[in-house]
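The following paragraphs walk through the structure shown below, taking each chain in turn before coming to the place where the chains meet. Please keep the sequence and the model in view while reading.

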Amino acid sequence: MLEIKNLHARIDDREILKGLDLTVNPGEVHAIMGPNGAGKSTLSYILAGKDDYEVTEGEVLLNGVNILEMEPNERATAGLFLAFQYPIEIPGVASMTFLRAALNAHRKARGEGDITTPDFMRLIKDTAAKLNISPEMLKRPVNVGFSGGEKKRNEVMQMALLQPSFAILDETDSGLDIDALKVVADGVNALRSPDRSFVVITHYQRLLNYIVPDFVHVLSAGRIVASGGKELALDLEKNGYAGYVQDAA
Amino acid sequence: MTDTMGTTTVLRTPAEEALLKRYPAEKASLPGAPAVADLRDGAFAAFEKAGLPHRRVEAWKYTDLRANLRTIAAPAGPPDHERVRALPPAVPGDGARRLVVANGRLVPELSDLGGLEEGVTIGSLAEALTHADAEVLAALRPIPEAADNIALSVNTAFMTDGVVVRVADDVALARPIEITHVIDGETAAATAVRNVFLIGNGASATLIETTEATYAAAHQTNIVSVVTLGDEAQVDHIRLQLDPLEAVSLTTLTVEIGAKARFETFNAALGAALARAQVYARFNGAGSTGAFRGATLLSGRRHADTTLVVTHDAEGCESRELYKAVIDDEAKSVFQGRINVPAHAQKTDARMMTASLLLSEGAEAYAKPELEIFADDVQCGHGATCGALDDDLLFYMLARGIPKSEAEKLLIIAYLGEAIDEVHNEAVRDMLIHRIEDWLEKRVG
């Protein structure tokens, strides 16, 4: 499970998170919604360990361990996964090399040896097929020449390969048409299990029709200002954030 | 320096003094007919006049040989054949015909000279000099781009031997020819080697040159290779500079390219404390293509210089220049590239690019790309970049669990891959990737 306690963080001189609390129990799906600039992406980057941000107060416990002191790769192998809002293109690094390096890093952290080539090929083939990812896509360098939708599907495929215990999806729906959205949502739903939890960051209620959350939170000005069930998302869709933003002020 | 009488005397460095003493002492034992002796004397006189090149000579601004070459090593003595034979092949599995030039001399006993393809001859330079072979003598005269190059002059004065390869018209060499330049000996030794490759019309060949040593010592190598391509000839040239990390390596490649020909060269600068790889190329015939590429890996306080001059002296030739360097610690990389396009070389297409990846605060990269264009209907461009590894790329890989050292390794190999992937010979590509991986492991470890 993930526990965020009184998290304060800044970039340069600007404080973005101002005492954020959130507890995500195993098996739960939490949606975080909020206006632009509320700190949603900042939260996802801080959890994953991007060093542009400075955490000034608070702690983040993943399965009881404070991850804020850990390197990003250690957080990943400890079970945390971030599906990027803007997946990065890595020219010259073959997708298969990248996936294999990631998978082997996770295996090593569990005390297992490297995956064999036949096992790896089989695993990739099965996982890719479920997300409509063609073998041709995987012959390219990481994300290079991928469409927006292909990049998002590739993120979910990586999540399926790495089997995290906690995943953050940062606007995984942005830039997707309705068919691609369904593929991505099916990929996420297939991974839902009693011992895996998700935080889904989104602007729109639409995604939550496909990935149905247990809880919805409103993030505004660096704090959670309202929490509720999935009906809260419908209310936001109808009435906007105005009422919640005032609460925060 | 001015003395009290107002006349000037040139202040010589110890290295210059040593070279000045060596030539009169050795010249009688250097191979060659009288015409060659004259050539040597002329080249030595040029050195005597100019001294070692220094930072006030524009072409040597970033690689001050006078300041950096403190001593001159003794000429290499006879090599131990068994030690040379025991060296593992630099490029495993390349299937090449290996010719060994050890301590400055072609060693037939260690060279694969049997079963030559029809139309191919391989001989020693010393022999050609002794017989005043007209073709070889002609090839010894520097092309205009290299005319006042002191490294080349010193080579001409002191050259002991090398290989002469002739490939007749329309002969396609099935196996690469690999020249293994090796210095054998525990103490620092100097060599001056000249190779001549005469590739006929419509002929094709892959030429691989390696430089290595049996012991890690501060050897000094000065290797000049002269390549001439006839019309419609095709040559792939690869230089693998694997000298000990204490060594000084001066290499020069001069190339003359006929019409409708293809020439490609790749330089891997992986060794030496001080290295300069010079390439001087001329397109003499219309409609040819050339590719000039290289990869440099530097750490510690090493220094590597790539100096390139390409002259498009004919219409409608295309050239591509791509040099990439990875620089760590307090190492220093220099790239000087110049493309000359005289007025008559219309329809020239030339693109030069150099990129430096700095892995530390103390690493330095100097890039001087130049175009000199007098023709008005050409496409020419150049670019230079310099920077660190991209933090966003690294973070994405780390976020997938890949440790930082491995992520950096993958990114650095990808970065150099742009140049290495263009090498046609697969065994060479594999060998380069292995060497880079080794280098990166040592860097981390």
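**From two chains to their contact**

In chain A, 43% of the 249 residues count as buried, a value that, like every other one in this text, is computed from a predicted model. The secondary structure of chain A consists of 10 helices and 12 strands. The radius of gyration of chain A is 18 Å, close to the 18 Å that the globule rule gives for 249 residues, so chain A is as compact as a globular protein of that length. Taken along the principal axes, the C-alpha atoms of chain A fill a box of roughly 55 × 40 × 35 Å. If one considers the contacts in chain A with a separation of 6 or more, residues 24 or more positions apart account for 70% of them.

Within chain A, helix H7, which runs over residues 178-191, can be followed in detail. With 14 residues at 1.5 Å a residue, H7(A) should span 20 Å, and because its end C-alpha atoms are 20 Å apart, the expectation and the model agree. Which residues of H7(A) are buried? They are Leu181(A), Val184(A), Ala185(A), Gly187(A) and Val188(A). Seen down the axis of H7(A), these buried residues fall within an arc of 155 degrees, and therefore they line one face of the helix. On the other side of H7(A), the exposed residues are Asp179(A), Lys182(A), Asn189(A) and Ala190(A). As for what the buried residues of H7(A) pack against, the partners in chain A are helix H4 (117-130), helix H6 (148-162), strand S9 (166-170) and helix H8 (206-210).

Turning to chain B, the secondary structure comes to 10 helices and 20 strands, and 54% of the 445 residues count as buried. A compact globule with 445 residues would have a radius of gyration near 22 Å, and chain B has 22 Å, which agrees. The C-alpha trace of chain B spans about 70 × 60 × 55 Å along its principal axes. Among the contacts in chain B with a separation of 6 or more, 82% are accounted for by residues 24 or more positions apart.

The domain assignment of chain B gives domain 1, covering 14-285, and domain 2, covering 390-445. Taken over C-alpha atoms, the centres of domain 1 of chain B and domain 2 of chain B are separated by 31 Å. Where these domains meet, 12 residues of domain 1 of chain B are in contact with 8 residues of domain 2 of chain B. On the side of domain 1 of chain B that touches domain 2 of chain B, strand S8 (204-213), strand S10 (234-241) and strand S12 (262-269) of chain B each supply at least two residues. By class, that side of domain 1 of chain B has 8 nonpolar, 2 polar and 2 charged residues.

The remaining step is the contact between the chains, which takes 21 residues from chain A and 18 residues from chain B. On the side of chain B that touches chain A, helix H8 (391-398) and helix H9 (404-420) of chain B each supply at least two residues. Which element gives the most to this side of chain B? H9(B) does, with 8 residues. The residues of the side of chain B that touches chain A divide into 11 nonpolar, 2 polar and 5 charged.

Definitions and conventions: Residues are numbered from 1 along each chain as its sequence is written. Chains are lettered from A and ligands numbered from 1 in the order in which they are written. This is a predicted model: local features need pLDDT of at least 70, side-chain atom pairs count only at pLDDT 80 or more; totals for chains, interfaces and linings use all residues. Two residues are in contact if their C-beta atoms, placed from the backbone, lie within 7 Å. Helices (H or I, at least four residues) and strands (E, at least two) are DSSP runs, numbered from the N terminus. Ala, Val, Leu, Ile, Met, Phe, Trp, Tyr, Cys and Pro count as nonpolar, Asp, Glu, Lys and Arg as charged, and the others, Gly among them, as polar. The expected span of a helix is 1.5 Å times one less than its number of residues. A residue is buried if 20 or more other C-beta atoms lie within 10 Å of its own, exposed if 12 or fewer, and partly exposed in between; C-beta atoms are placed from the backbone. The arc is that of the directions from the helix axis to the C-beta atoms. The radius of gyration is taken over C-alpha atoms; the globule rule is 2.2 Å times the number of residues to the power 0.38. Domain bounds come from an automatic or database domain assignment.
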